[in-house]
Amino acid sequence: MIKGIYAHRGYHNKPSIPENSMAAFKRAIERGWGAELDVHLIKDGSLVVFHDSELKRCTGVDGIIEDLTFEEARSLRLEGTDEQIPSFDEVLELFEGRKPLIIELKAYKGNHFALAEAVCKRLDSYKGEFCIESFDPRAIADVRKLRPNIYRGQLAQDFVKRREGLPWYQRIVLTNLLLNFMTKPNFIAYRFEDRSNKRNRYCIRHGIQEVCWTIANKKDFDEVIKDGAIPIFERFDPEE
């Protein structure tokens, strides 16, 4: 079961405290919050915590994170700070026994099964609270097959409006959660701006939890809490 509130990519304060950095994760724990994070499987089989496959936005370097070894990834710095790209192990060790995690699987070029398998194997020995989510229904189906007891969620947004370079049929399928019969998610994590009564009805009809991302202000945060959804927030303090 998923509960609590979650700082999006850690409780970052860019650019001084980058997203998905150890500093951002420590800051979330200090405030008593869980965190959402993103996991990639890279060239040498290591798992690292980083959002984009492309390196440019957060490191200023051209390239794809999946093409790097762990040593190469660690040589980079996040957003002009001294912060390094964390390993998945480092983040798990920080949160274990302390606060819950929402772990997003970032599949790349068809590696969804290898990624899901590597993450599930690492989590076998993890003693903390966590759940797994992904935009890629294949990754969620893989988790269902590999570890059916792991609490899993389908990430979604209005892909008809936000095309994301996808063909039209994929945009319709993903927007309307048409592969949920295959993934059997325990929760739906939908973009707050694209949230609609249709998504609310789906969660109520199927008796599953609704999660909303990414909440950017207190008004929206309070609306989500009132509706019984789980908020993933950033760039403000929801307790002030």
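For the classes used here, Ala, Val, Leu, Ile, Met, Phe, Trp, Tyr, Cys and Pro count as nonpolar, Asp, Glu, Lys and Arg as charged, and the others, Gly among them, as polar. The model is predicted.

**Cavity and pocket**

One cavity of 30 Å³ or more is found in a search of the whole structure. The largest cavity holds about 40 Å³ of space, and its lining residues include Pro137, Gln154, Leu177 and Thr183. By class, this lining comprises six nonpolar, three polar and no charged residues. Helix H7 (168–175) and helix H8 (180–183) each contribute at least two residues to the lining.

The largest pocket has a volume of about 1000 Å³. Among the 36 residues lining this pocket, Glu104, Lys106, Phe135, Phe159 and Glu164 are the closest to its centre. Its lining has 13 nonpolar, nine polar and 14 charged residues. Elements that each supply at least two lining residues include strand S2 (34–41), helix H6 (137–146) and H7.

**Aromatic pairs**

| Pair | Centre distance | Plane angle and class |
|---|---|---|
| Tyr11 and Trp33 | 4.8 Å | 85°, edge-to-face |
| Phe135 and Phe159 | 6.0 Å | 80°, edge-to-face |

Tyr11 lies in the loop between strand S1 (6–8) and helix H1 (22–30), and Trp33 in the loop between H1 and S2, so their pair ties together parts 22 residues apart in sequence. Tyr11 is buried at 9% relative accessible area, and Trp33 is buried at 1% relative accessibility.

Phe135, in the loop between S5 and H6, and Phe159, in the loop between strand S6 (152–156) and H7, are 24 residues apart. Phe135 is partly exposed at 24% relative accessibility, whereas Phe159 is buried at 5%.

Technical notes:
Residues are numbered from 1 along each chain as its sequence is written. This is a predicted model: local features need pLDDT of at least 70, side-chain atom pairs count only at pLDDT 80 or more; totals for chains, interfaces and linings use all residues. Side-chain values use heavy atoms; hydrogens and water are left out. On a 1 Å grid over the protein atoms alone, a cavity is a set of points where a 1.4 Å probe fits but cannot get out, and a pocket is an open set with protein on both sides within 12 Å along at least five of seven lines; lining residues have an atom within 4 Å of a point. Grid points are joined across faces, edges and corners, and a volume is the space filled by probe spheres set on the points. Helices (H or I, at least four residues) and strands (E, at least two) are DSSP runs, numbered from the N terminus. Rings of Phe, Tyr and Trp (its six-membered ring) pair if their centres lie within 6.5 Å; planes under 30 degrees apart count as stacked, over 60 as edge-to-face and the rest as tilted. Buried means under 20% relative accessible area, exposed over 50%, partly exposed in between (1.4 Å probe, protein chains only).
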